[in-house]
Amino acid sequence: MAAARGTSRLVVATLRGRGASLSARAADARGLTTEERNQVIRDLKAAGWSELNERDAIYKEFSFKNFNQVNLGSCPLPIPHPALVTLDCQCSVHSEAFGFMSRVALQAEKMNHHPEWFNVYNKVQITLTSHDCGGLTKRDVKLATFIDKAAASV
């Protein structure tokens with residue numbers, strides 16, 4: 001019985017800790033006021049984002065040098081073709097577009113906010129909107145800011 005009480009206390013403490021992050025997420029998920037919207041749209045456009053005409057969303061396309069470039073100079077094995085390189089080879093693998101997408105996916109998961117995106121080779125197209133709120137929210141703006149920083153660090 002004491003173990004059950006200890007487990008219950010742990011669950012309650014965990015939920016209390018999540019309460020702050022959940023309420024912060026809820027605040028980010030609300031729609032923007034007209035004043036907030038005007039300011040963030042101006043800032044986002046300056047960073048290369050564009051508004052979509054057909055719905056309340058923002059869009060940006062990112063181009064990287066490559067999707068997954070392999071540096072064969074450091075590989076000790078003879079490799080007949082770069083497409084044959086596997087992850088267990090001791091080669092240096094540099095993945096620009098894929099690495100960028102992975103970073104964005106991890107952040108989006110943390111934020112419980114998932115972008116619409118499309119990727120072909122070295123291009124990544126991203127659309128942000130909050131479907132549950134029917135349009136642009138602070139959460140979209142925060143993720144767009146993270147996305148721009150992630151792209152700049154590649």
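This is a predicted model: local features need pLDDT of at least 70, side-chain atom pairs count only at pLDDT 80 or more; totals for chains, interfaces and linings use all residues.
Ser63 has Lys123 in strand E6 as its bridge partner. Strand E2, residues 58-63, pairs with E6 in the antiparallel sense, over six bridges. The open sheet has four strands, in the order E1-E2-E6-E5, and the pairing is antiparallel. At the edges are strand E1, residues 50-51, and strand E5, residues 116-120, each of which pairs on one side only.

Now the aromatic residues. There are three aromatic pairs in the structure. In one of them, Trp49 and Phe62, the ring centres are 6.1 Å apart and the planes are at 75°, so this pair is edge-to-face. Trp49 sits in the loop between helix H2 (34-46) and E1, while Phe62 is in strand E2, 13 residues apart. Trp49 is buried at 3% relative accessible area, and Phe62 is buried as well, at 7%.

Phe62 also pairs with Phe100: here the centres are 5.1 Å apart and the planes at 45°, so the pair is tilted. Because Phe62 is in strand E2 and Phe100 in helix H3, this pair ties together parts 38 residues apart in sequence. Phe100 has a relative accessible area of 0%, and so counts as buried. Taken together, Trp49, Phe62, Phe64 and Phe100 make up one aromatic cluster.

That brings us to helix H3. The helix runs over residues 96-111, 16 residues, and spans 23 Å from its first C-alpha to its last, close to the 22 Å expected at 1.5 Å a residue. Its buried residues are Glu96, Ala97, Phe100, Met101, Val104, Gln107, Ala108 and Met111. Why do they fall on the same side of H3? They cover an arc of only 130° around the axis. The face turned away from that buried side carries Leu106, Glu109 and Lys110, which are exposed. After H3 comes Asn112, with a positive phi, near 55°.

Last item, Leu136. This residue is in the loop between strand E6 (123-128) and helix H4 (138-152). Is Leu136 buried or exposed? Its relative accessibility is 4%, so Leu136 counts as buried. Which residues does Leu136 contact, leaving aside neighbours within four places in sequence? They are Gly31, Leu32, Arg37, Ile41, Asp56, Ala57, Ile58, Leu128 and Thr129.

Note on methods. Residues are numbered from 1 along each chain as its sequence is written. Side-chain values use heavy atoms; hydrogens and water are left out. Helices (H or I, at least four residues) and strands (E, at least two) are DSSP runs, numbered from the N terminus. Buried means under 20% relative accessible area, exposed over 50%, partly exposed in between (1.4 Å probe, protein chains only). Contact means heavy atoms within 4.5 Å. The expected span of a helix is 1.5 Å times one less than its number of residues. The arc is that of the directions from the helix axis to the C-beta atoms. Two strands pair if DSSP finds at least two bridges between them. Rings of Phe, Tyr and Trp (its six-membered ring) pair if their centres lie within 6.5 Å; planes under 30 degrees apart count as stacked, over 60 as edge-to-face and the rest as tilted.
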